[in-house]
Amino acid sequence: MPPMDTARPQVSSAAPTSVGTDAESAKASVPGRSRRMRTLSRVRKYVGGAGDQVRRAWPLLPLAPAVVILLGLAVAFVIGIVGVSALAKASDTNSARRAELLASTLGARLSQLPPNERLEAMQQAARKTGAELILVTAGGDIALDASLGIVSGEPLRRVLGQSSGDATTALGRARFALQALTPPSLGLSLIAFVSEPSPPEEQAVMLRALVALTAMLVVVAAAVAYAVTQDANKDVDFVARRVGAMVHVRSEPTGEAVPVRTLDEVGALTVAFNALVSRFAAAQASYEKDLERVRAADRDRAAFLAAVSHELRSPLNAILGFADILMAEVDGPLTPEAREEVEQIRGSGKHLLDLINDILEFSALESGQLKLSRTCVDLGALASEVVREAQGLVGGRPVRVRLEGEGGVRAHADPRRVRQVLTNLIGNAVKFTLDGEVLVQVHRDGRWARVSVRDTGPGISPQERPLIFQEYKQTKEERSKRRGTGLGLAIARRLVLMHGGRIVVESTVGEGSMFAVLLPPWEVASSSMPTAVRVMGSES
């Protein structure tokens, strides 16, 4: 993989652009492997349930040379088997041809010799050629024997029925050829047995040459595979280091490009990665621009709500003040009709003031301007005050509001905000309970200081339960009566979360609801939490 000297396409990366020497790359090989293992761990964590489908890959550096070596040995083994088989066939063919040549040549000579010289000629030929020679009659009897007695009896008679072939003798497998002596009236035939060498001739030489050639080729191929794989591994490690630098918490998503060092698959992958990061950078820039525009619009909306609410509250307080003066009959007694009208004005103004206060409170939460001043809060005493105030909301309905629980339950909280939360929860319970009771309980719940509000109202359906803590969301009961802004429970939930607590709800339609506020107790929180906390409105 020769490095490129041409210009490198660059888009983005957060890693440095310097490239170390080969020595530095070698020193970084072990950390590189550790880095790859950490990357694999992150991949397994991110794929989640699909992790079982991720295929485990073998490391490339030892795998490629091992595959080359195994493949080379397998090819050499196949070549050896084919070569030995070919040598065996060639050896058999040579033995058959030697037997035929020896039988025809010696048979012609024996036909010309007198009978008393034939045995000597056969023995001399057997010594020179290493063959076994037998002169037999037509009936299968041995006339002259220049052999070691390797064939006789029935096997010899079977050989007489063929002109050539192979036979198993006392010395092993052999090739034979039969030649009749002339004139045919003699009734004599010469049989020449030539043994088949086992292993075939030149087999050892061929195997030694094959082993030497295979060893040389395998070593060369493994060295080349190792070099190519190591070079590819360096490129992959280089890209992995540059990409891994982007994961660093202080690095920007875009920055220096990942250089393309090779014109192979790794180079193509680097180019594709750079293009992907370029698209990501453009998308992030667009996202940040849109996010800033939305934040600006949100700030403007919060400022507008705060300004409008403030301007509305000033004249509204004046209206409520004059209504109180009229109700006090400072300027003279009121007729029953006038008193009822003034009470309507005062009630509507108080309801409008509550709505404006909710909007101001929510705006402060959204803009992050709301602060908590934490101290030791006696939840029993605070709940008693809120219950006493809520009893005035019952009116003529048969509803009982009562408090029970432990004494000395203290929380590390802002008393003003806790009162606001309890006022909202108890007020809602009294408002929606037409008959029955509202029970407020204060006690310790494990590591929490707990205040629960239980009513016998209409209850909340499971479909509406996830919506009640969202901004501007109301239950069907509230929407039908067109009262409230849908911010009360949303503000209460945010205030509880700002304290590091929780608010939970249980409800059964037709039986009632239970809201529980869990706050950090004073004994635990006083040693670990600050006395003033500022929480942004986006936290939830």
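**Helix crossing and aromatic pairs**

Author: In this predicted model, the axes of helix α9 (residues 379-390) and helix α10 (residues 415-432) come within 10 Å and cross at roughly 40°. That angle makes α9 oblique to α10. The crossing is right-handed.

Reader: Which residues of α9 and α10 make the contact?

Author: On α9 they are Leu-379, Leu-382, Ala-383, Glu-385, Val-386, Val-387, Glu-389 and Ala-390. On α10 they are Pro-415, Val-418, Arg-419, Leu-422, Thr-423, Ile-426 and Val-430. Sorted by class, this contact has 11 nonpolar, 1 polar and 3 charged residues.

Reader: What describes a pair of aromatic rings?

Author: Such a pair is described by the distance of the centres and the angle of the planes. With ring centres required to lie within 6.5 Å, the count here comes to 2 aromatic pairs. The ring centres of Phe-176 and Phe-193 are 6.1 Å apart and the planes stand at 45°, so this pair is tilted. Phe-176 belongs to strand β4 (residues 172-180) and Phe-193 to strand β5 (residues 188-195), so the pair ties together parts 17 residues apart in sequence.

Reader: Is Phe-176 buried or exposed?

Author: Phe-176 is buried, at a relative accessible area of 2%, and Phe-193 is buried at 1%.

Reader: What is the geometry of the pair formed by Phe-469 and Phe-515?

Author: That pair is edge-to-face, with 6.3 Å centre to centre and 75° between the planes. Phe-469 lies in the loop between β11 (448-455) and α11 (476-481), and Phe-515 in strand β13 (residues 512-519), so parts 46 residues apart in sequence are tied together. Phe-469 is buried, with a relative accessible area of 15%; Phe-515 is buried, with 10%.

Terms used
Residues are numbered from 1 along each chain as its sequence is written. This is a predicted model: local features need pLDDT of at least 70, side-chain atom pairs count only at pLDDT 80 or more; totals for chains, interfaces and linings use all residues. Side-chain values use heavy atoms; hydrogens and water are left out. Axes are lines fitted to C-alpha atoms, for helices over the stretch in contact, and angles run from 0 to 180 degrees between N-to-C directions. Helices (H or I, at least four residues) and strands (E, at least two) are DSSP runs, numbered from the N terminus. Angles under 35 degrees count as roughly parallel, over 145 as roughly antiparallel, 65 to 115 as roughly perpendicular and the rest as oblique. A crossing is left-handed if the near helix is turned anticlockwise from the far one by less than a right angle, and right-handed if clockwise. Contact means heavy atoms within 4.5 Å. Ala, Val, Leu, Ile, Met, Phe, Trp, Tyr, Cys and Pro count as nonpolar, Asp, Glu, Lys and Arg as charged, and the others, Gly among them, as polar. Rings of Phe, Tyr and Trp (its six-membered ring) pair if their centres lie within 6.5 Å; planes under 30 degrees apart count as stacked, over 60 as edge-to-face and the rest as tilted. Buried means under 20% relative accessible area, exposed over 50%, partly exposed in between (1.4 Å probe, protein chains only).
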